[in-house]
Amino acid sequence: MNRKETLELLIEIEEAIEHFDKRIEDAEWSNTFGYGFEIPQIRKKNTHNIVIYGMCIGRLNERFTKQLNTLK
């Protein structure tokens, strides 16, 4: 993989991290003010999704670091 492809991949990974951050914010908002506040099943599902999204972000950060180290 050449340098340009690696940089493009890093940008894609960063965008994916931002996407999951947004989904976490939405789920937290729903649990605080939205349907998750009123309906326990939705709150439970949102809480589960927050954990899953956090794991996805962790994995993406690992990939990001691994790709970043190949540039050095």
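1. Let me start with Leu-60: leaving aside residues up to four places away in sequence, Leu-60 touches Ile-13, Ala-16, Ile-17 and Phe-20. Touching here is contact, meaning heavy atoms within 4.5 Å.

2. A word on the ground rules. This is a predicted model, where local features need pLDDT of at least 70 and side-chain atom pairs count only at pLDDT 80 or more, while totals for chains, interfaces and linings use all residues. Residues are numbered from 1 along each chain as its sequence is written, and side-chain values use heavy atoms, with hydrogens and water left out.

3. Leu-60 also belongs to the largest nonpolar core, which has 8 residues in all: Leu-9, Ile-13, Ile-17, Phe-20, Ile-24, Tyr-53, Ile-57 and Leu-60. Two or more of these residues come from each of helix H1 (3-32) and helix H3 (40-71), and H1 gives the most, with 5 residues. For the record, a nonpolar core is a set of buried Ala, Val, Leu, Ile, Met, Phe, Trp, Tyr and Cys residues joined through side-chain atoms within 4.5 Å. Buried means under 20% relative accessible area, exposed over 50%, and partly exposed in between (1.4 Å probe, protein chains only).

4. On the fold, the protein chain has 3 helices and 0 strands, in the order α-α-α along the sequence. With a radius of gyration of 16 Å, well over the 11 Å that the globule rule gives for 72 residues, the protein chain is more spread out than a compact globule. Helices (H or I, at least four residues) and strands (E, at least two) are DSSP runs, numbered from the N terminus; the radius is taken over C-alpha atoms, and the globule rule is 2.2 Å times the number of residues to the power 0.38.

5. Of the 72 residues, 25% count as buried. Among contacts with a separation of 6 or more, 62% come from residues 24 or more positions apart.

6. Leu-68 sits in helix H3 and is partly exposed at 35% relative accessibility; its C-alpha is 40 Å from that of Phe-37, 31 residues away along the chain. Ile-52, in helix H3 too, is partly exposed with a relative accessible area of 29%.
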